[in-house]
Amino acid sequence: MNPQSTLPPTPAALPPKTGDPAAAGRGSKDPRSEVRLFAGLGHIALAVWAVIVIVPILWTFLAAFKNTSEIFSSPWTLPAELRWENFGRAWTKANVGRYFLNSVLVVSCSTFGTMLLGSMAAYVLARYRFWGNRAIYYLFVSGLAFPVFLALVPLFFVVKQLGMLDTYQGVVLVYIAYSLPFTIFFLAAFFKTLPTSVAEAGMIDGCGHTRLFFQVMMPMAKPGLISVAIFNIIGQWAQYQLPLVLLSNAKDKWVLTQGIADISVNAGYEADWSGLFAALTIAILPMIIVYAVFQRQIQAGLTSGAVK
């Protein structure tokens, strides 16, 4: 027997200890440092984005209390005094009050119709199995990829043939149709996360399909419904292209975006820039208030489906 075979292995031949932190540190980078690096870059990007969004809004709010000379001579300073008459002039003289009420009426009706029809369709597509289920679902979802400006011309003639051009009903129906793809896409995924045992218990207790949906499943889907409703309100409130085409000849039915666009055109001739910024403030504030009040409900609706 070879005596060298009984000798213990040399230190060079011994494998490195896998639990040695020093050896691991020499062989690879610390993943926590990479996480901290990307987290820092993300915070910087969010801070830059916040400045880009917040600064113009604050500047608009400050300009709403200035006169025209202050806006051009000292745009970055505080107003010398709070000129509330700018809001009164915009509300009455520029008809912002009328446009505001029109927007509230149109958005309220269209949001109610969108949530009612969208939730019913999403529930059926998510919870029931029938022939053509997936085809109908993908047909709705494909509307998310269809730009609105491509449908303006045919949409104009369709609404005109229905006799709904320059009417509230025509705008509400178009808002509902254009908001359904996102609503069904979001709520169908949310309804799938609801427990099947609750629905089965409701059916055993004698609930029909309609009663089961309205009295059992809809209350359980309240966080998702609130989130989608707020997104629809914000999107429909800021809509400009659709009412511009469908309400072009009915100025008394114009919504707020159309009215502000008209004010911005006239401001260059009348030099009433303070009135324009006051009108913009009136249009922006309601959506900021809605989002601030329902912020927790929005976050709960967006995250509840991931933890069920």
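Predicted model: local features only at pLDDT ≥ 70, side-chain atom pairs only at ≥ 80, totals over all residues.
Residues are numbered from 1 along each chain as its sequence is written. Local features need pLDDT of at least 70, side-chain atom pairs count only at pLDDT 80 or more, totals for chains, interfaces and linings use all residues, and side-chain values use heavy atoms, with hydrogens and water left out.

The protein chain contains 15 helices and zero strands (DSSP runs numbered from the N terminus; helices are H or I, at least four residues, and strands E, at least two). Of its 308 residues, 34% are buried (under 20% relative accessible area, 1.4 Å probe, protein chains only). The accessible surface is about 18,700 Å², and carbon and sulfur atoms account for 70% of this area (Shrake-Rupley method, 1.4 Å probe). Among contacts (heavy atoms within 4.5 Å) with a separation of 6 or more, 73% join residues 24 or more positions apart.

The largest nonpolar core comprises 62 residues (buried Ala, Val, Leu, Ile, Met, Phe, Trp, Tyr and Cys joined through side-chain atoms within 4.5 Å). Helix α8 (residues 168-192) gives the most to this core, with 13 residues. Val106 is among the residues with the most contacts inside the core; Val106 touches Tyr168, Val171, Val172, Tyr175 and Val255, residues up to four places away in sequence not being counted.

Helices α10 (residues 209-220) and α11 (residues 222-237) pack at about 75°, with axes 5 Å apart (lines fitted to C-alpha atoms over the stretch in contact; angles run from 0 to 180 degrees between N-to-C directions). Helix α10 is therefore roughly perpendicular to α11 (65 to 115 degrees). Met218, Pro219 and Met220 of α10 meet Lys222, Pro223 and Leu225 of α11.

Key. Buried < 20%, exposed > 50% of the residue type's maximum accessible area, 1.4 Å probe, protein only. Parallel < 35°, antiparallel > 145°, perpendicular 65-115°, else oblique.
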